[in-house]
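Good morning, and thank you for the time. I would like to take you through some side-chain packing in the structure on the screen.

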Amino acid sequence: MATLEFIRYQHQKIELGVDSIGWSKSRKNPIPKLPQIIWENNLPWSEANIWALEQSTTSARNIKTVRSSMSHIYAYAKWLESESISWRHFPERESERCLTLFRGALINARNNGYIAPSTTSQRMATVIRFYKWMDKMNLIDSERPMWKERFFKVKIKTSFGLEHTLRIVSTDLAIPNRKIISSLQLEDGLLPVSLAAIKKIINLANTSASQELELMLKIGFFTGLRLGSITDLKVGTLENATHMVNTGWKQLSVGPGARPPVATKFSVTGKVLIPQDLLSSLKNYSTSTRRLKRQALASLENQNLLFLTRYGNSYNGDDSRAVNVEMSRLRSKGKKEGLTVFRGFHFHRTRATFATELMKVALNFMTVDESIQFVREACLHKNESTTMQYIKFIESKEAMSDTADAFTNLFMGLGGLIKMTKHDLTFPKLLIGTHGTPWDLGIFLYVGAAKSPRKYISEGIDKGDFGLIDMERLPLIYDFHEALTTFIVQGKSQKTIISCLEDLRKIYVWADKNSQPMTHENILSAFYLWTEYLLERAYVKKEIKPLSAYKLATKIANLIAKATKVCGPKPGKSIMCLTRMKRPDSRIESLGKPTDKLNTSQLFEFGNILTSICNTLDVKTIRGELPIRIAVDDEIKIKIVGHLHQPDLDLSTINNKGLLRSALKNRQAMPDEEHLLDKYKRYSIIKLRVECELLIFIAQTGVNLSQAIQMEKSSYRWQTNGENLDVFRVYKNRRQGDIVFRCFKSYRKHFNRYLKWLDEAGLSDFSDQLFPFFSKSIVPPRGSGTTFTTTKALFKKINKPFFGPQLLRTNRINWLLRRSQNVELVAAEMSHSKYVLSKHYEKPHYESITQEIIKYHTQTEVLLSSPGPGLCTKGHQPKPINDFLVNSPKPDCISSDGCLFCDKHRDVMSFDYCLKLTSHAFFKKLEISYYHASEKEEVHPSYRVLDRIMEKLKFISEENEIQQKWVKEAESSIRAGRYHTLWDGHIQLLEVLI
């Protein structure tokens, strides 16, 4: 296997003599530990080694950066040797090229958790940069392009508000690792720890770590200095500390301008705060026997350093790993003692903690501007925007913590290289499970085979049911196979590949039915006719949705473009332009108030049922007698029958002893010596518990189903943030980046109980997946999803709606949006951009829209009292309504009847207003009874008024249940003779006259 070695490179200069050429040492400083790669056959990789030397000498790169780059090239070299592939291997088939295969290997390693997403992207980028350099230096000669270049435009803004557009060049081999800037993250993406956690960390360091590491942690927590600055502190820095008047704090001068100088990031010079007690402890350590012994071993240039290793070396040296080693040991010790604060704890989190706590205190005593300036100077931030992150973090964390905990409580009811033979068109790397049928594009060579069930096609081909191979189809099918194989090698998800195969099968079924030749020459015309068929199904026959038809056509267009090697930035789109297929308008439908309220209440009822099922189905209950009865509340009763065919059978009615014995045996508890998974009889109950836990997990974290089912027990990790925030970090293929999913403290106890249940049930012995699924004698492919058949059947039996993963995530997002009223905050919480959240997840909300409209009118209109019920706007300037009828009272700002027909009249949503209207209506009824029609038989104005009042009361009662109760109560008051005080006297007087 290849090795990475380090040499001390001494620069040489040439000396030309009369008859000789000599070399002598150059005055340039030698390069210590220059990385060099040696192949397994002990020959150097000259090209890579020359690249490392050039990077070290002709560029402004630091030697550490060169070593980091060479470590990536070294990993590439080891992979090349393990796969027996030459680094110059660029054949005609794209799927067999060394860089394409290496990209797929990196993605597989990333998806399996062997390397981090950021390392994956950086490693591929470094290898591409190395090949670009070799191409520039003519060190590699390839007959065909090694990659396709892509061009992007990125807009950036300067600190003065000026906008610039940069043209970025990338390749199709690049592995994206996109990140969303979140208000719930601080500098370097780390989070602070709580004050209680600080005490636990320092106490453990005091007993289980060196004195140097303990002091370093204290400096980090109480001064906010970075590790690089801490390890470069001098004894003179402590002696030159200045005093802050009227405080118990001192100040240390750091930076290149300090005396003595102390290294800082971006070479910022300034003063940092340090408590008096900590400064005294550091001074005592500087004169202690322990440090003086280390100083005696140190070189002259390091003797003034405050912290030295036991060999007298600097902790800040190029190759020093002493702090990292000690931190690793301290974390391991903390985890063994059950201290969860050490999970995900890194030294730089001490700085994030100091800045966060300092900002909290500053905001209590200073203005926002003063707090930003104070914390910026204390933390030596180069830019003010870095300091602003702490204010956003403090505000966002409190808001999101309360909102997400409320959702949790309501939901859960808590307070190698592919070698192909001539006609081998299979996909060996595509996982299928024990009972799956392997995919083989060879079936498309037989006309009529595509429409048959795949598991019977091979048998039909052997019998000759589909005739002979159509050799004209072979070249195009080979290219389709090459395109799909390239997708697999590049690391596309299994689900995406299978979806492409299913869609490809659909066009071949159509082609067989319509006698369309599927060849290179005819594929575009066949695709056009197929899209016409899809348009007919979508818009004429209404068999499929227009959007589904468009997505299906787009997927096949992209596959055709890949197979036929269509050039251009978006080759699939250019093929779609040849058809009449257009993307349908995605208009958001309005949600009515009954539907919206029903979804919210049913959602939380759904979560309560899931939680009750999970809490009941412990190992003892699952092993116990059948059926299992669960009482969610007084109304919802659940019966889990397992494998029983007649769960309601009355055993007392069975006279046959054999049948009775069999019935009792099926219902009895499992023997203690029998393993829960030895027999399949309890599989459905176990599957129900796992499905319910998976749905709760998705509802609490917002994780996609595809990510959740692939998570292993070892891949999740809690990262404590105070007492509230825990973090899951997974890679999302569709987004092509590292995603942070958050869940809060209310759910953590439930999740820990589930992990314990996995161990007790024995599922952890059979699978390392967080949500394992089993079937009788069937092993599904790794990462395959679930359709929640068991849970759906149960909810159908109790006549309750089922919420799938997508509905859970959408409802959770909309609930958080309505509670927080902060799109940016919820987008960060759900690891989405604001655009994606608003376009694909946010749904219209009837009550929210109504409140916004009322708020708008309240802020923009000045309302005045009117002669009639309700209020008046626009300063008593009467104007009739648009549908003003003949004989209706005219608005004149004098008559109460006229106000009802004025465009400036405004209703007031209250019981008092409803009582006014019903009293007014009763008065008009009395008035009509006193009226005698004239010979012209004109409609009396009181009829118009009465109709208008009834129309308003109907509108008010249909708004919501509360307003409906107002109207009914007002009508009851009129029947009981209790009128509004404004109309009581008029009604009594009119009753006397009648």
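Helices (H or I, at least four residues) and strands (E, at least two) are DSSP runs, numbered from the N terminus. By that rule, Leu-16 belongs to strand S2. This is a predicted model, in which local features need pLDDT of at least 70 and side-chain atom pairs count only at pLDDT 80 or more, while totals for chains, interfaces and linings use all residues. Residues are numbered from 1 along each chain as its sequence is written, and side-chain values use heavy atoms, with hydrogens and water left out.

Leu-16 counts as exposed because its relative accessibility is 66%; buried means under 20% relative accessible area, exposed over 50%, and partly exposed in between (1.4 Å probe, protein chains only).

I turn now to aromatic pairs. Rings of Phe, Tyr and Trp (its six-membered ring) pair if their centres lie within 6.5 Å; planes under 30 degrees apart count as stacked, over 60 as edge-to-face and the rest as tilted. The structure holds 29 such pairs. Tyr-76 and Tyr-131 have ring centres 6.1 Å apart and planes at 70°, so they are edge-to-face. This pair links helix H2 (residues 63-83), which holds Tyr-76, to helix H4 (residues 117-136), which holds Tyr-131, across 55 residues. Tyr-76 is buried, at 0% relative accessible area.

What geometry do Phe-90 and Tyr-131 adopt? They too form an edge-to-face pair, with 5.9 Å centre to centre and 80° between the planes. Both Phe-90 and Tyr-131 are buried. One aromatic cluster includes Tyr-76, Phe-90 and Tyr-131, together with residues such as Trp-39 and Trp-133.
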